[in-house]
Amino acid sequence: MDKDSQIKMLQEMGFLNNQAMEALSASGNDLNKAIAYLFGEVDASSGAGTQLAPYDVESEQIGIADSVGISNPHDIPEFLTLFVNEEGNMAEAMKENQGPFYSSNSASSSSSSSLEEVEDDSLLEEPEEEYPENVKTEFTNVPFLLSKRNKARSWVPLILILTHSSIFAGPVLQLRSKLSFIRELQQIVYFVQNFDNSKRWYHDTDKLAKILENDGPCGSLQDEELILNIIDFLMRKEPALKPIFESMVQSLDEDISNNLTVLEIDSDSRGSTLYETLNELFWQKDFEFLGRIKYSSVAPIVTYQLLAADSNTSHVPFQLLEIMYPEIYSDKALGRVREEIHLIKRAQMEYQKLNRKLMDLNFFEGKKIDGLLLQTASALQENNPNASEDLRELANLLQELRFAELENQAQAKSNASPQRLALLESIICDLPDLRAYNLVGVIFSETKYFVRAGENWVDMDGGVTIDYASVANAVERRIGSQNITLVYA
């Protein structure tokens, strides 16, 4: 790795350019030693390496065997006691579920040995690459899921987003399953949910990848079916998760109901907002399908996938919504939506009426009234000045009346536009029982995705905290160029 690349990597870790150059100079351009120097862990002249080498550093890294032992009691999930066998031996009961980073320095040597055993020894094969030291520092303040196996990398964004949400995490931790996949998922959930009490800054997903090798979906997140397949796999492995993801959409005309976990939106049917898009999908432009296609139930987690556009599709700006109310497309809001549409159609009739009135105020028998009145006033000016003045005054009154009617027409046009349903604000205000769904994650690719952690947003590409405006801007910049997954809960 050349010096410029080393400086760039140090800057991405949060250090200034001059700090990076000074550290590299003091450590003889050894990146590991430079990192240790910047963290104040070692003097550059001592020749020692660092235990905090980043994952992609090409120079020698600390091996897995040197990782920190997890000895704090907060890192041992309470739900593991569900699997204690009749003799009270949790180690034997959970041996299939232990990963390579899960150990306890406080346990006896025989107990530690049991905890490190798994049903399939191949799950613990040492990867070709080595992970960085798994010790949380002030610079690692968000949980990461790392993977060196391609099988799990496409899973990481969605799993990390879901595990931050109590809507998903709570039910998963309550599962009583002997499946290796579910137990590994519980380990990941517990790590993320209890990150503040953990000494680790990441959980490796190599064991998950090994489990998925048999029948788990994999591939690129630019494959429009992959997110759907991942969720279907979760529900197939554990049917108790179905109510979390599976909404039901009903068509009265065809008398059928279909489950819906991911709503895929083609670029040519996407509007400027999700509401504008869903309005047309559920109701059509003229509201022809209102009440005939609807949600019969909305799951706690709703996922939308905005598909990439082809080269011939024009770019439509997109406004990301931080809060959604998908129950608007259910019977809960049907009556109120009908009222709103009735108001729109009445305003359309008023708009047409005002158009005709303005035509009457402008033309008489095909001639402009203003021109006719002023021409007649000029002709009468010499012989009948009073009549001429009356005609000019009439022309002025007509002009004032037209201005007033133009204002009424503009208001009627606004009220008559179906765009007033684009954000559905008045309906939402009138229906406080509608459930609000918060945006909890945005996925662009295996490495570029945003996670909502509490009140903050985290760009997982660098582990940095960002604001919602940055999330919305990123979606606007990338819309149409790639698949974008939006997760609401």
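**View 1. Strand β4 gives the most residues to the lining of the second largest pocket.** In this predicted model, β4 contributes five residues to that lining. The elements that each supply two or more lining residues are β3, β4 and α13 (274-283). The volume of the second largest pocket is about 270 Å³. Its lining consists of Val249, Gln250, Ser251, Ile256, Ser257, Asn258, Asn259, Leu260, Leu263, Leu281, Phe282 and Ile293. Sorted by class, seven of the lining residues are nonpolar and five are polar, while none is charged.

**View 2. The side chains of strand β3 alternate between two faces.** In β3 (residues 247-251), Ser247, Val249 and Ser251 point to one face and are buried.

**View 3. Strand β3 pairs with β4 and with β6.** Strands β3 and β4 (residues 256-260) run antiparallel and are joined by five bridges. Within this pair, Gln250 stands opposite Ser257 of β4. The pairing of β3 with β6 (residues 293-297) is likewise antiparallel and comprises four bridges. Here Val249 stands opposite Tyr295 of β6.

**View 4. Asp255 has a positive phi in the hairpin of β3 and β4.** Four residues lie between the two strands of this hairpin. Asp255, found in the loop between β3 and β4, has a phi of about 55° although it is not a glycine. Its relative accessible area is 67%, so Asp255 counts as exposed.

**View 5. Asn29 also has a positive phi, in a loop between two helices.** The phi of Asn29 is near 60°, a positive value in a residue other than glycine. Asn29 is found in the loop between α2 (17-26) and α3 (31-38). Because its relative accessibility is 38%, Asn29 counts as partly exposed.

View 6. Asp459 is located in β13 (residues 456-459). Its relative accessible area is 10%, and Asp459 is therefore classed as buried. The side chains of Asp459 and Lys448 are joined by a polar contact of 2.7 Å. Leaving aside residues up to four places away in sequence, Asp459 touches Lys448, Tyr449, Phe450, Val464 and Ile466.

Notes. Residues numbered from 1 in each chain as written. Predicted model: local features only at pLDDT ≥ 70, side-chain atom pairs only at ≥ 80, totals over all residues. Heavy atoms only, no water. Buried < 20%, exposed > 50% of the residue type's maximum accessible area, 1.4 Å probe, protein only. Pairing = 2+ DSSP bridges. 1 Å grid on protein atoms, 1.4 Å probe; cavity = no way out; pocket = protein on both sides within 12 Å on 5 of 7 lines; lining within 4 Å. Points joined across faces, edges and corners; volume = space filled by probe spheres on them. Nonpolar A, V, L, I, M, F, W, Y, C, P; charged D, E, K, R; others polar. Polar contact = N/O pair within 3.5 Å; in protein donor to acceptor, adjacent residues only side chain to side chain. Contact = heavy atoms within 4.5 Å.
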